[in-house]
Amino acid sequence: MNNNIYNYTQENLEEYFLSIGDKKFRAMQIYEWLYKKRMDNIDKMLNIKKDTREKIKDEFSDDWIKIVDIKQGEDVVKFLFELIDDHYIEAVLMKHNYGNSLCVSTQVGCNMGCRFCQSGRLKKVRNLQTYEMVQQILLVEKELDIRISHVVLMGIGEPFDNYNNVLNFIKIINNPRAIEIGARHITLSTCGLVKKIEKFMNEGIQVNLAISLHAPNNKIRSRIMPINKVCNIDKIMEVVKKYIEKTNRRVTFEYIMLDGVNDTDECAKELSDILNGLNCYVNLIPYNETQNIRYKRSKSSQITRFYDILKKNGINVTVRREFGSLIDAACGQLRAKKMEE
């Protein structure tokens with residue numbers, strides 16, 4: 001593991017300084033420099049004594065991921081990052097009227113293999129370390145001279161397949177002494193890893209949970225999402241009920257609209273039935289078509305019909321505003337192009 005200082009939660013750093021016979025508050029000072037003053041040069045952290053600074057330089061690496069490509073569209077900016085081992089990941093900035101939201105990647109590639117997803121077409125190479133997620137935010141803020149107010153873990157990878165690093169990432173960006181993004185402004189999206197959802201609901205972290213459902217029954221879901229053979233809709237609904245009861249938090253169900261696959265009136269009625277009575281809402285997502293995948297986006301008229309059926313059946317539902325279809329903003333598209341080059 002790369003011993004990067006941005007891998008460390010404040011608690012981790014406190015333990016480190018106590019282990020070398022230093023004071024616990026040193027971690028707070030370091031956090032102030034790294035995150036509030038955005039100073040990554042240890043030598044310039046002048047309120048920390050010289051021998052401590054030398055120890056930190058010996059102990060921790062100062063590696064940074066780097067931006068290698070930027071594509072801009074209306075209210076959207078897509079970033080391609082190169083990691084120190086020459087792999088690539090992406091992040092997408094979306095400008096909303098309520099603030100700037102960054103969709104971050106959690107893995108290099110993805111093993112979930114969803115048939116409609118560009119990220120899943122290129123298999124998982126490795127998990128991202130915490131610092132590689134944190135630096136996506138820091139670099140985007142610096143590049144555009146903005147503040148990120150919302151973070152969505154919905155880029156390349158399955159966050160719960162990188163559980164510990166993602167948990168540390170959430171703790172760092174939520175920390176008032178660090179990036180200070182409120183828990184209610186952080187959304188973790190999973191394709192429904194049931195055991196990890198169960199584990200996560202006991203962490204006491206009040207972030208939003210979004211589940212990539214994308215089908216109203218196991219037959220369709222298994223066809224488009226291989227993970228359904230292990231974590232099927234019945235198991236997901238069971239754990240979601242427990243999650244809502246335990247956390248008192250509403251759950252979002254993501255639903256990509258695929259023409260002729262999961263967008264029929266019958267699908268809408270079936271979805272209404274399985275979600276009836278749950279504290280949840282559905283986010284209908286117009287599909288972002290890619291050249292290597294055969295699926296097509298649902299017609300606008302059918303998305304509206306689907307929405308109306310859910311609404312009529314008492315389901316809270318929104319249609320996600322589209323971002324970046326003209327700049328390859330679907331997950332994994334820039335990375336795939338770079339690798340194919």
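Predicted model: local features only at pLDDT ≥ 70, side-chain atom pairs only at ≥ 80, totals over all residues.
Strand E10 spans residues 251–257, and seven of its seven residues are buried. In a regular strand, side chains alternate between the two faces of the sheet. In E10, Val-251, Phe-253, Tyr-255 and Met-257 point one way, while Thr-252, Glu-254 and Ile-256 point the other way. Both sets are buried, Glu-254 being among the buried residues. E10 pairs with two strands considered here. With strand E9 (residues 208–212), the pairing is parallel and involves four bridges; Leu-209 lies opposite Val-251 of E10. With strand E11 (residues 280–286), E10 also runs parallel, and seven bridges join the two strands. In this second pairing, Thr-252 is placed opposite Tyr-281 of E11.

An antiparallel arrangement is found for strands E2, E3 and E4. E2 and E3 are paired in the antiparallel sense over seven bridges, with Phe-81 opposite Ile-89 of E3. E3 and E4 (residues 99–104) also run antiparallel, joined by five bridges; here the bridge partner of Met-94 is Ser-101 in E4. The hairpin between E2 and E3 has five residues between the strands, whereas the hairpin from E3 to E4 has two. E3 itself is mostly covered, with seven of its nine residues buried.

Positive phi values occur at several aspartates. Most residues other than glycine have a negative phi. Asp-75, in the loop between strand E1 (66–73) and strand E2 (76–82), has a positive phi near 60°. The relative accessibility of Asp-75 is 30%, so this residue counts as partly exposed. Asp-86 is located in the loop between E2 and strand E3 (88–96), within the hairpin of these two strands, and its phi is positive, near 70°. At 53% relative accessibility, above the 50% cut-off, Asp-86 is therefore classed as exposed. A further case is Asp-145, which follows helix H5 and has a positive phi near 55°.

Helix H5 covers residues 130–144, and its end C-alpha atoms are 22 Å apart, in agreement with the 21 Å that its 15 residues should span at 1.5 Å a residue. Because twelve of the 15 residues are buried, H5 is largely enclosed by the rest of the structure. The buried residues are Thr-130, Tyr-131, Glu-132, Met-133, Val-134, Gln-135, Gln-136, Ile-137, Leu-138, Leu-139, Val-140 and Glu-141.

Cys-110 lies in the loop between strand E5 (107–108) and helix H4 (118–121). Its relative accessibility is 9%, so Cys-110 counts as buried. The C-alpha atoms of Cys-110 and Asn-97 are 31 Å apart, and the two residues are separated by 13 residues in sequence.

Note on methods
Residues numbered from 1 in each chain as written. Heavy atoms only, no water. Buried < 20%, exposed > 50% of the residue type's maximum accessible area, 1.4 Å probe, protein only. Pairing = 2+ DSSP bridges. Expected span 1.5 Å × (residues − 1).
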